[in-house]
Amino acid sequence: MGKQIVALVGRPNVGKSTLFNRLAEERLAVVDTIPGTTRDRLMADAHWSGVVFSIIDTGGIDPTQIGQGSSQQPLSIGSADFIEQIKIQAEIAIEEADAILFIVDVESGVTPADFEVAQILRHHQRSVDGEPWPPIFLVVNKADNEDRRAQAYQFYELGMGDPYPISALHGTGTGDLLDALVATFHLPGEEEDDESVKIAIVGKPNVGKSSLLNKLLGEERAIVSPIPGTTRDAVDTYLTYEDIPITLIDTAGIRRRGRIEPGVEKYSVLRTMRAIDRASVVLLLVDATTGLTAQDAHIAGYVLDAWKSVVVVVNKWDAIEKDTYTMDEYTSIIRRELNFLPYVPLLFISAKTGQRVDRVIPMALRVHEERLVKLSTSQFNQILQRAQDQHPAPSHAGKHFKIYYGTQVRNDPPTFMLYVNDPQLAHFTYRRFLENRIREGYGFLGTPIRLVLRRRKRRDYGR
């Protein structure tokens, strides 16, 4: 089962990004007093009482950036078009998240937009075991003194249950909120553990995810049966390839049916986030006709943040006019744009014609195998020794970084512990150098490598 997903929902400038930063314990979201400052949905891990969960900052709809028709005139917060944008955002969140933090602002009081969001959330809740699902918590933000906490009770008017008065800026009241939140964590209809290789098909809308899935199922002569997945209203596909059980996690439903404004498309990534979390290998589909876009790079970043293995699959290759150098040119562009993933394999396919589709599953399985490799301590230390002989670590402030020994402490993903004199002396460029030398010793194709540096303690001196 993947981590629970908690979505922060509400109108602009109620403090969603501030609460996101508070829960993530990092300044990840851009915070400003101008409504709509958050442009992209952000995701991060949070933890409370030993429970780790994922939080999504949905951002606010920016009324100055949404045009009415072709006039591109600013919308008022109470306008019908603006309310429609909030409606889409709230519907996406409640369909995909495991819990909702509905955030309002005690300074502004109850607004028409708050009523609209409350109505949307109530309408789309479903009943599971007699309880409304997902649970929704009414969070009254900016209640940073006793008078404002008392004013929080006006929000009973929304009919969303007991309000939780908090100050996201100062952290007051968040403990009670998080206690109540984690107490609700469960997933109805959880999937049973299985030994299949889980491969997620992700990418922006209209890159051919459904076409690839259908072609894979038609070409591989596989035994296929539908099994329920943890993503609600979605179905995983189980197949057997050369006696290896595989679960394909399809995210083709990322675009909701009906009209979706371009500015809201970026908010519909919850299903992709869950799919990445559940998978061990991710197939990142890219549209050859449009090239690599910022959204592709964002998704690739999510994959890296989750420490998942990845294969970049360039689809619609049949639609490209080609010469002898076209594939090399595309490869160079993708390598440059995804320079934070230099180890990933690239496949150029056409899901429409079937060109090279037969290479997708074998490549994903190869990447999965390398993800599970465990190097012996002697193998790893030989790689380290050769690396240090080739390029000793530079000194910093007159101190030399020293590696005494290392060992692989886990796989899935490969994680290496290095015992050193001082982790602070390891510059990121030298860490990258060590990772490259590890990959020279053993490829770990398509798979991220974790290097954990630990100061050697006295009891380790004899080793």
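Among contacts in the protein between residues at least 6 apart in sequence, what share join residues at least 24 apart? In this predicted model, the figure comes to 71%. Keep that in mind as we look around.

Let's begin with the overall build. The protein has 12 helices and 20 strands. It runs to 463 residues, and 52% of them are buried.

Now for the empty space. Rolling a probe the size of a water molecule over the atoms shows where such space is left. The largest pocket here has a volume of about 770 Å³. Its lining takes in 29 residues, and Ile276, Asp277, Ala279, Ala306 and Lys308 sit nearest the centre. Two or more lining residues come from each of strand 2 (42–48), strand 9 (197–202), helix 7 (270–278), helix 8 (294–305) and helix 10 (360–371). Helix 7 gives the most, with four residues. Sorted by class, the lining has 14 charged, 11 nonpolar and four polar residues.

Finally, the aromatic rings. There are 11 aromatic pairs across the whole structure. Take Phe401 and Tyr430: their ring centres are 6.1 Å apart and their planes meet at 80 degrees, so this pair is edge-to-face. It links distant parts of the chain, since Phe401 is in the loop between strand 17 (399–400) and strand 18 (403–410), while Tyr430 is 29 residues away in helix 12 (residues 428–441). Phe401 is buried, at 6% relative accessible area, and Tyr430 is buried too, at 4%. Elsewhere, Phe380, Phe416, Tyr442 and Phe444 form one aromatic cluster.

How values were computed
Residues numbered from 1 in each chain as written. Predicted model: local features only at pLDDT ≥ 70, side-chain atom pairs only at ≥ 80, totals over all residues. Heavy atoms only, no water. 1 Å grid on protein atoms, 1.4 Å probe; cavity = no way out; pocket = protein on both sides within 12 Å on 5 of 7 lines; lining within 4 Å. Points joined across faces, edges and corners; volume = space filled by probe spheres on them. Nonpolar A, V, L, I, M, F, W, Y, C, P; charged D, E, K, R; others polar. Buried < 20%, exposed > 50% of the residue type's maximum accessible area, 1.4 Å probe, protein only. Contact = heavy atoms within 4.5 Å. Phe/Tyr/Trp six-rings, centres within 6.5 Å; stacked < 30°, edge-to-face > 60°.
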